[in-house]
Amino acid sequence: MAPKTRQPRATAPATGEIKAGGIKAGGIRAGAVKEAKAAPGLTFHEKMSGYFAMGVKDPREGARIGHRTGWRLTLRATVTIPDLKAFTADPAHPGTLRGEIELPGVERRIPFHDGIFHLFAPSGTPDLTLLLYEASFSHQGQAHYLAGRKSVRDDLGLDLWPDTTTLDVRLHRGPDTRGEVTGAGVLRLGAGDLAALLLSMRARNVASPVEAARVFGAFGLLFARNLRDSYLLRPRAYLRRRERS
């Protein structure tokens, strides 16, 4: 009988998800099997809610009707940036979106996957960039597409906060924005929701708190630079006012 040989014990590959306070789970173990490392990325949760109405096409009108009727739409989303370096290099800054939608008159939350997220994407207008949130879902056998945008532009007055926390949404019938608009409204990110968003931020595919700090720093720098470009380096509102005077 052949002598028994001891089989080497497999070791788990290095994993780790790190938040601002340190390592959440996993970490590097001595002797861990080395594999091709995934690119560092980022994820966070975001909740926006606001007045909404069916049967209208303009978000502001939908918000006015929703305010009278009490109809609201809520978007609960998880934003994932798989590769922060590629995200930063791409002018459209694309990420992915998944989560749930609460529609007025529908008791249960409707899940969605494979949504679209863009941060400070070019609009084609020099002084306007867009934050885009788009998601397709199905309800009672009918395909729907929710398309939302935040318009970031320097106008007269203090508009940085409302620009970055106000999402105009339109609900389309069908799998994309080519379908008929069946409802519209305005969603907002409150101060408490913003605090929850910041607390939910996690660095992906990082091996140490130092590497996680680099991810958070790179994302924060990208956000700050875009706000600077929109509200400090391009004071379009002031120039427009001078031209009219």
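**Figure 1. Helix α1 and the residue just after it.** Just after α1, Gly70 takes a positive phi of about 85°, in a model that is predicted, where local features need pLDDT of at least 70, side-chain atom pairs count only at pLDDT 80 or more, and totals for chains, interfaces and linings use all residues. Residues are numbered from 1 along each chain as its sequence is written, and side-chain values use heavy atoms, with hydrogens and water left out. Helices (H or I, at least four residues) and strands (E, at least two) are DSSP runs, numbered from the N terminus. At the start of α1, a side-chain oxygen of Asp58 comes to within 3.1 Å of the backbone nitrogen of Arg60; a polar contact is a pair of N or O atoms within 3.5 Å, where within protein one must be able to donate a hydrogen and the other to accept it, and residues adjacent in sequence count only if both atoms are side-chain atoms. Helix α1 spans residues 59-69, and its buried residues are Pro59, Gly62, Ala63, Ile65 and Gly66, where buried means under 20% relative accessible area, exposed over 50%, and partly exposed in between (1.4 Å probe, protein chains only). These buried residues pack against β3 (41-54), β9 (166-173) and β10 (181-188), with contact meaning heavy atoms within 4.5 Å. An α-helix has 3.6 residues a turn, so residues three or four places apart point the same way.

**Figure 2. Strand β4 between its partners β3 and β5.** Strand β4 is mostly covered, with 8 of its 10 residues buried. On one pairing, β3 and β4 run antiparallel over 10 bridges, and on another, 7 bridges join β4 to β5, also in the antiparallel sense; two strands are taken to pair if DSSP finds at least two bridges between them. Ala77 of β4 is the bridge partner of Glu46, and Ala77 also stands opposite Gly99 in β5.

Figure 3. Arg76 lies in strand β4 (residues 72-81) and Glu102 in strand β5 (residues 94-102), so the pair ties together parts that are 26 residues apart in sequence. Arg76 counts as partly exposed at 26% relative accessibility, and Glu102 counts as partly exposed at 23%. Both residues belong to a network of salt bridges that links Arg76, Glu100, Glu102 and Arg109. Another salt bridge brings together the side chains of Arg173 and Glu180 (2.7 Å, N to O); here Arg173 is partly exposed at 39% relative accessibility, and Glu180 is partly exposed with a relative accessible area of 48%. The side chains of Asp176 and Arg178 also meet in a salt bridge (2.7 Å, N to O), and Arg178 is exposed, with a relative accessible area of 76%.

Figure 4. Gly95 has its place in strand β5 and is buried, with a relative accessible area of 12%. The C-alpha atoms of Gly95 and Thr80 are separated by 5.7 Å, although these residues are 15 residues apart along the chain. Leaving aside its neighbours within four places in sequence, Gly95 is in contact with Thr80, Phe87, Gly115, Ile116 and Phe117. Phe117 of β6 stands opposite Gly95, and β5 and β6 pair in the antiparallel sense over 7 bridges.

Figure 5. His118 sits in strand β6 (residues 110-122) and is buried, with a relative accessible area of 17%. A polar atom of the His118 side chain lies 3.0 Å from the backbone oxygen of Ala92. Not counting residues up to four places away in sequence, His118 touches Ala92, His93, Pro94, Leu130, Leu131 and Leu132. Strand β6 is joined by 5 bridges to the antiparallel strand β7 (residues 129-139), with Ile116 opposite Glu134 in β7. The hairpin of β6 and β7 has 6 residues between the strands, and in it Gly124 takes a positive phi near 95°.

Terms used. Salt bridge = Lys/Arg side-chain N within 4 Å of Asp/Glu carboxyl O.
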